[in-house]
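Please look over the sequence and the 3D structure below before reading on.

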Amino acid sequence: MPLVYTRWQLKPGANRATLGDLVLDGCRAARANEGVRNARYYWADANSVVTLVDYEHARHVFAAPNTPEGAKRAFAIADLADREAWELWADARAGTEAYEQSR
């Protein structure tokens with residue numbers, strides 16, 4: 001069960017409510033993809049938003065096709081915030097399986 005962790009830092013003068021709405025829409029869109037168990041966002045502090053997307057299997061992380069709506073939303077988020085982190089968190093078994101498949 002891999003998780004994708006993303007952290008966004010609000011740019012000076014950007015609108016918090018708009019960022020929250022865009023990230024919420026992104027989570028809803030992610031949940032509609034095959035292999036996504038859940039997608040949620042959290043305010044880490046007054047200027048930082050974190051998303052956690054829970055996948056059934058690591059192969060689903062990169063399998064979802066990008067849609068025009070998704071690309072538009074990604075650019076809108078990037079206009080309001082800087083991405084500080086994108087991390088794929090995998091449990092020990094999934095990490096070992098990925099390593100074994102790469103050999």
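## The model and its confidence

This is a predicted model, in which local features need pLDDT of at least 70 and side-chain atom pairs count only at pLDDT 80 or more, while totals for chains, interfaces and linings use all residues. Residues are numbered from 1 along each chain as its sequence is written, and side-chain values use heavy atoms, with hydrogens and water left out.

The pLDDT value is the predictor's confidence in each residue, on a scale from 0 to 100. The mean pLDDT of the protein chain is 91, and 100% of its residues reach 70 or more. Among the elements of the chain, strand 1 has the highest mean pLDDT, at 97, whereas helix 3 (residues 92-102) has the lowest, at 79.

## The chain as a whole

The protein chain contains three helices and four strands, where helices (H or I, at least four residues) and strands (E, at least two) are DSSP runs numbered from the N terminus. Read along the sequence, these elements follow the pattern β-α-β-β-α-β-α. The C-alpha trace spans about 45 × 25 × 20 Å along its principal axes.

Of the 103 residues in the chain, 31% are buried; buried means under 20% relative accessible area, exposed means over 50%, and partly exposed lies in between, with a 1.4 Å probe and protein chains only. A contact means heavy atoms within 4.5 Å, and among contacts between residues at least 6 apart in sequence, 72% join residues at least 24 apart.

## How the strands pair

Two strands are said to pair if DSSP finds at least two bridges between them. Strand 1 (residues 3-10) runs antiparallel to strand 3, and seven bridges join them; strand 1 also pairs with strand 4 in the antiparallel sense, over eight bridges. Strand 2 (residues 36-45) and strand 3 form an antiparallel pair with eight bridges, and a hairpin of two residues joins strand 2 to strand 3.

Which strand is largely enclosed by the rest of the structure? Strand 3 (residues 48-55) is, because seven of its eight residues are buried. Along strand 3, V49 stands opposite W8, and V53 stands opposite A39.

T51 has its place in strand 3 and is buried, with a relative accessible area of 9%. Opposite T51 stands T6, and T6 has W86 as its bridge partner in strand 4. Not counting residues up to four places away in sequence, T51 touches V4, Y5, T6, V23, C27, R40 and Y41.

Y41 lies in strand 2 and counts as partly exposed, at 24% relative accessibility. Leaving aside neighbours within four places in sequence, Y41 is in contact with G20, V23, L24, C27, V49, V50 and T51. The C-alpha atoms of Y41 and T6 are separated by 9.2 Å, although these residues are 35 residues apart along the chain.

## K11 in its loop

K11 lies in the loop between strand 1 and helix 1. Is K11 buried or partly exposed? At 26% relative accessibility, K11 counts as partly exposed. K11 touches A78, D79, L80, A81 and D82, if residues up to four places away in sequence are not counted. The C-alpha atoms of K11 and N47 are separated by 8.2 Å, and these two residues are 36 residues apart along the chain.

## The largest pocket

A pocket is found on a 1 Å grid over the protein atoms alone, as an open set of points with protein on both sides within 12 Å along at least five of seven lines, and its lining residues have an atom within 4 Å of a point. The largest pocket has a volume of about 940 Å³, and of the 30 residues that line it, the closest to its centre are G26, A30, Y55, G70 and A74. Here grid points are joined across faces, edges and corners, and a volume is the space filled by probe spheres set on the points.

Helix 2 gives the most to this lining, with seven residues. By class, the lining has 21 nonpolar, seven polar and two charged residues; Ala, Val, Leu, Ile, Met, Phe, Trp, Tyr, Cys and Pro count as nonpolar, Asp, Glu, Lys and Arg as charged, and the others, Gly among them, as polar.

Notes. On a 1 Å grid over the protein atoms alone, a cavity is a set of points where a 1.4 Å probe fits but cannot get out, and a pocket is an open set with protein on both sides within 12 Å along at least five of seven lines; lining residues have an atom within 4 Å of a point.
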